[in-house]
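A short briefing on its cavities, strands and fold follows.

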Amino acid sequence: MYKLLCCSFLLVLMAGTNSFSQEFEIGPMFNLEHTSFNIPDDSFIVIGGPGTGGNGSRTTGFENNFGGGIYGSYFFSEQLALSAELFYTKTSSTEFGDKSFSSINLIPYLSYKFFEEVPLFLNLGGGIAYMLKTPDFGDAYSIEENEIKKIDIPLKFSVSYNVKDFFLIDLGIHSSVTRVVEDKILRTAYFLGVKVPLNKLLN
């Protein structure tokens, strides 16, 4: 994470030059994340009638973690932007104890401003996560080492508020659509984040 934050600092310093227009913003981002895992259980969810449906699932309890990295946004108009985040995060839960996943995540997403006079944006996208650290489950949960995946696909859904171009408050969820342990474990995180458009502040 130290190397990521150093790279982030160098990039945001470069972003302070006048070569960046006001249609583009880049800066550091920090998240407080409420993380957990979703695992199958013995329940059965009925969909459409008797005999149709699938197995249920449950979460393994939530723990607080921190994430950090950089983000960038290009505004096609005042209402529409293409954005991306590159950040480090850790996923853990109360039931799994010290067993956690640490990852680097790259998530592009679209931001849309619904109200002309209110700087409130809806953000939706998806990307890729590479696991920097995976746990050793041992004999717990009947998980073999070859079932643990190095890559999963997280989705992002959030609402953000721009506070007078000084910083953005971002509230939402990151939820994986692929399992980080084959057929068994999904990562999920609710987050409250802050983004600072450093190039705009330095210009």
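Two cavities of 30 Å³ or more are present in the structure. A cavity here is a set of points, on a 1 Å grid over the protein atoms alone, where a 1.4 Å probe fits but cannot get out, whereas a pocket is an open set with protein on both sides within 12 Å along at least five of seven lines; lining residues have an atom within 4 Å of a point. Grid points are joined across faces, edges and corners, and a volume is the space filled by probe spheres set on the points. The model is predicted: local features need pLDDT of at least 70, side-chain atom pairs count only at pLDDT 80 or more, and totals for chains, interfaces and linings use all residues. Residues are numbered from 1 along each chain as its sequence is written, and side-chain values use heavy atoms, with hydrogens and water left out.

**Largest cavity**
- The largest cavity holds about 140 Å³ of space.
- Its lining consists of 15 residues, and Ser73, Ser111, Asn123, Ser160 and Leu168 lie nearest the centre.
- Two or more lining residues come from each of β3 (63-75), β4 (80-91), β5 (101-113), β6 (120-126), β9 (154-163) and β10.
- Strand β3 provides the largest share of this lining, three residues.
- Six residues of the lining are nonpolar, six polar and three charged; Ala, Val, Leu, Ile, Met, Phe, Trp, Tyr, Cys and Pro count as nonpolar, Asp, Glu, Lys and Arg as charged, and the others, Gly among them, as polar.

**Second largest cavity**
- About 110 Å³ of space lies in the second largest cavity.
- This cavity is lined by 13 residues, with Thr89, Asn105, His174, Arg187 and Ala189 closest to its centre.
- Strands β4, β5, β10 and β11 each give two or more residues to the lining of the second largest cavity.
- The lining of the second largest cavity comprises four nonpolar, seven polar and two charged residues.

**Largest pocket**
- The largest pocket has a volume of about 250 Å³.
- Of the 15 residues lining the largest pocket, Phe75, Glu78, Asn162, Asp165 and Lys200 are nearest its centre.

**Strands β10 and β11**
- Strand β10 (residues 167-176) pairs with β11 in the antiparallel sense over eight bridges; two strands pair if DSSP finds at least two bridges between them.
- Glycine 172 has phenylalanine 191 of β11 as its bridge partner.
- Seven of the 10 residues of β11 (residues 186-195) are buried, where buried means under 20% relative accessible area, exposed over 50% and partly exposed in between (1.4 Å probe, protein chains only).

**Isoleucine 143**
- Isoleucine 143 is located in the loop between β7 (128-133) and β8 (151-152).
- Isoleucine 143 counts as buried because its relative accessibility is 7%.
- Beyond its neighbours within four places in sequence, isoleucine 143 is in contact (heavy atoms within 4.5 Å) with Phe137, Gly138, Ile148, Val181, Lys184 and Ile185.
- Isoleucine 143 and valine 181 are 38 residues apart along the chain, and their C-alpha atoms are separated by 7.9 Å.

**Overall fold**
- The protein has two helices and 11 strands; helices (H or I, at least four residues) and strands (E, at least two) are DSSP runs, numbered from the N terminus.
- Along the sequence, the pattern is α-β-β-β-β-β-β-β-β-β-β-β-α.
- Of the protein's 203 residues, 41% count as buried.
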